[in-house]
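Subject: Structure for your review

Dear colleague,

Please find below the structure that I am handing over to you. My findings follow directly after it.

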Amino acid sequence: MSDRDGRPDQSSDAEDAELCKRLRELDKRIGERRIDLGEDERDDAPRSPGVAVALRLSADFVAGVVVGGALGWGFDKLFDTSPWGLVVLILLGFAAGLLNVMRTAGIVRPRTGGPDEGR
Amino acid sequence: MATDPINQFQIHTLIPIEVGGVDFSFTNSALFMALTVAGASAFLILSSRGRGLVPTRWQSAAEMTYEFVAGTLRESAGSEGMKFFPFVFSLFIFILFANLLGMFPYFFTVTSHIIVTAAMSMAVILTVLFYGLWLHKLHFFKLFVPSGVPVVLLPFITMIEILSFISRPISLSIRLFANMLAGHITLKVFAGFVVMLSSFGFVGILGAILPLAAAVALTALEFLVAALQAYVFAILTCLYLNDALHPGH
């Protein structure tokens with residue numbers, strides 16, 4: 001930018017117009033090519049690749065069970081209710097793990113709709 | 001070094017520092033965290049220095065990184081989520097550079113230690129929790145109470161939702177740490193096979209071709225995993241931030 005400003009140049013306007021025209025032309029050509037290739041205009045926006053989803057699944061499930069087990073064990077320690085806290089919370093943790101996996105896999109809707117619809 | 005696959009994860013003290021009986025030593029882990037930050041900063045500052053309208057190759061790479069993270073965040077958390085862009089971008093670029101630095105032979109992989117990944121995921125989940133509470137006050141807890149559920153089932157569902165929420169930082173940290181740890185151990189084990197087999201003479205060298213090929217393939221896979229894990233961490237951060245912004249959704 002700066003070197004163009006420094007140069008007293010009457011042809012700069014014409015140059016700019018020329019550049020603009022060329023850019024528009026290029027844009028049109030790229031657009032045409034995209035359609036030829038069957039690419040949707042919006043489709044190059046980031047989207048989870050399949051591998052990324054796959055990598056998420058296992059840890060999601062294990063974490064649910066681990067958290068359930070840990071909380072159950074802690075509950076038993078605190079209230080001396082062994083083994084019931086562990087039994088109940090591991091089962092709930094199992095359910096939470098499954099819920100995590102189903103959310104990641106897209107089987108369940110991410111969040112069940114509440115009263116205030118944001119977004 | 002030899003062929004012990006766990007040796008690479010050991011932490012050594014480089015500069016011993018002790019403040020009030022607490023060990024603050026500068027370790028190899030700290031060194032590589034500093035290198036990660038320096039590398040990421042250097043990449044972004046140097047590549048965007050030209051500020052060209054038509055970007056150079058490096059500037060284009062930096063712009064693509066920016067647009068990629070910005071697009072991910074905007075898509076999953078809406079435009080209100082963009083105020084968390086510096087946070088998400090820092091996490092993404094830190095994890096990406098730490099993972100990629102770890103791919104150099106003899107380098108230390110910061111993200112293969114659960115304490116590092118756990119600290120990052122706690123930062124994420126505490127941000128979600130406090131920002132959600134600050135923004136929505138007690139309405140934030142609607143996150144755990146789905147509507148349209150029979151009253152009999154509601155306590156169970158709520159418990160499951162709470163457990164699911166608590167399991168998030170754990171799965172977030174375990175995923176990154178386990179992937180990096182397992183990948184580096186596998187790589188080391190296969191490379192160790194090559195050394196061991198090739199010491200058995202000609203037949204051994206012939207036999208070593210197989211693990212060598214596996215090691216090469218695994219290296220490529222590790223590069224993929226390094227980038228993908230950074231991406232997964234970033235996109236999950238975005239999804240969780242979305243919960244903080246729109247808990248009833």
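A residue is called buried here if 20 or more other C-beta atoms lie within 10 Å of its own, and exposed if 12 or fewer do. Please note that this is a predicted model.

I begin with chain B as a whole. Its secondary structure comprises six helices and four strands, and the order from the N terminus on is β-β-β-β-α-α-α-α-α-α. The C-alpha trace of chain B extends over about 70 × 55 × 45 Å along its principal axes. Of the 249 residues in chain B, 34% are buried. Where contacts in chain B link residues at least 6 apart in sequence, 64% of them join residues at least 24 apart.

The remaining points concern helix 1 of chain B, which covers residues 28-47. At 1.5 Å a residue, its 20 residues should span 28 Å, and this agrees with the 28 Å between its end C-alpha atoms.

Which residues of this helix are buried? In helix 1 of chain B they are B:S29, B:F32, B:T36 and B:A40. These residues lie on the same side of helix 1 of chain B, because they cover an arc of only 75 degrees around the axis. Among the elements that cover them are strand 4 (26-27) and helix 3 (85-101) of chain B. On the face turned away from the buried side, helix 1 of chain B carries the exposed residues B:A34, B:A38, B:S41, B:A42, B:I45 and B:L46.

Yours sincerely,

Terms used. Residues are numbered from 1 along each chain as its sequence is written. Chains are lettered from A and ligands numbered from 1 in the order in which they are written. This is a predicted model: local features need pLDDT of at least 70, side-chain atom pairs count only at pLDDT 80 or more; totals for chains, interfaces and linings use all residues. Helices (H or I, at least four residues) and strands (E, at least two) are DSSP runs, numbered from the N terminus. The expected span of a helix is 1.5 Å times one less than its number of residues. The arc is that of the directions from the helix axis to the C-beta atoms. Two residues are in contact if their C-beta atoms, placed from the backbone, lie within 7 Å.
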